[in-house]
Amino acid sequence: AAKNQGRNAWRYFTPALQIAAEHRSRTSSDLREALVRDQFHLVYQPIVELATGRIRKAEALIRWQHPQRGFISPAEFIPLAEETRLIREIGGWVFERAVEQVAAWQAAYGADFQISVNKSPLQFKGDEDWVGYLVGLGLSGHSIVVEITEGLLLDADEQVSNKLLAFRDAGIQVAIDDFGTGYSSLSYLKKFDIDYLKIDQSFVRNLAPDSSDLVLCEAIVTMAHRLGMQVIAEGVETREQRDLLSAAGCDFAQGYWFAKPLSVADFETMLAKVG
Ligand code: C2E
Ligand code: MG
Ligand code: MG
Ligand code: MG
């Protein structure tokens with residue numbers, strides 16, 4: 001019977017792998033077209049200052065509306081864009097849209113409004129002049145927060161370090177995304193000038209009084225503040241999570257409790273209501 005099962009498993013295994021490979025190669029050629037055919041757009045998730053309840057920042061998140069397959073999640077296509085190196089062009093597109101949007105929102109809501117943008121490690125390998133693009137539009141570096149992951153800093157070479165230094169000189173802030181999930185080393189926090197730690201949603205999901213997750217959140221906040229950083233909690237879905245994070249001294253939060261990622265129009269409607 002075992003042999004039979006094995007043979008059956010093999011029979012189903014091979015086509016599944018093949019289908020997955022075909023799916024990936026189709027997706028990557030579709031990705032190439034998506035840029036030209038304008039199938040990407042950005043949505044913006046409010047980031048709320050916990051002490052005041054005000055929205056002073058937004059995270060830009062990419063969306064892909066595929067003409068046949070409908071909505072495809074960035075969790076699916078960003079890794080593929082990284083493998084195929086298309087991430088540089090896509091990332092450039094994201095950055096330019098976000099910068100244009102922050103210019104518009106600063107004009108409406110004040111010069112301290114910020115948009116944060118996710119950047120993959122590969123985007124630090126090119127020679128795009130992000131600082132120049134901002135300055136060219138007459139914006140201050142403070143308009144943009146760049147979200148990076150711990151992995152980038154762990155194998156940071158000269159090119160990465162220089163980009164981060166250029167950010168600092170221009171006033172562009174840096175956030176560590178998904179903090180606490182990547183690597184156990186904290187030594188990079190001494191080496192680089194980081195402005196925000198974003199507590200990953202896996203620490204927020206089961207947050208409860210007396211939970212180990214609460215201890216971890218409190219420890220992250222204490223460490224961050226003592227090192228001169230601020231903390232943004234991700235994936236806040238309930239009032240209780242918000243209250244616990246607020247009591248723990250967390251500075252900012254984002255999540256479905258406040259708002260899902262929104263279109264520009266919906267974001268503006270929300271800001272008009274809550275400020
Ligand atoms: P991320 O940067 O950690 O973004 C947070 C993700 O959590 C987003 O998923 C957001 O929609 C989702 N989220 C927000 N609030 C909640 C909540 O309360 N509960 C839950 N369960 N989820 C929440 P999204 O938009 O699907 O993006 C997934 C990931 O794709 C992002 O994770 C980021 O790593 C990547 N990504 C998105 N846009 C870009 C981009 O423009 N460039 C790059 N390089 N990566 C991007
Ligand atoms: Mg992010
Ligand atoms: Mg995150
Ligand atoms: Mg992430």
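Start by selecting Cys250, which is buried, with a relative accessible area of 6%. Keep in mind as you look around that this is a predicted model. Show the side chain and look for the nearest cysteine sulfur: that of Cys217, 7.5 Å away. A disulfide needs its two sulfur atoms within 2.5 Å, so Cys250, with its nearest cysteine sulfur at 7.5 Å, is in no disulfide.

Now select Cys217. Is Cys217 buried or exposed? Cys217 is buried, and its relative accessible area is 0%. Looking back from Cys217, the nearest cysteine sulfur belongs to Cys250, at 7.5 Å, and Cys217 is in no disulfide either. How many disulfides does the structure hold? The count is zero.

Next, leave the cysteines and turn to the backbone. Select residues 173-179, which form strand S6, and pick out Asp178 within the strand. Check the backbone angles there: Asp178 has a positive phi of about 55°, although this residue is not a glycine.

For the last stop, where does Asp210 lie? Select helix H8 (201-204) and helix H9 (212-226), then look in the loop between them to find Asp210. Asp210 is not a glycine, yet its phi is positive, at about 65°.

Key: Residues numbered from 1 in each chain as written. Chains lettered and ligands numbered in written order. Predicted model: local features only at pLDDT ≥ 70, side-chain atom pairs only at ≥ 80, totals over all residues. Heavy atoms only, no water. Buried < 20%, exposed > 50% of the residue type's maximum accessible area, 1.4 Å probe, protein only. Helix = DSSP H or I, 4+ residues; strand = E, 2+ residues; numbered from the N terminus.
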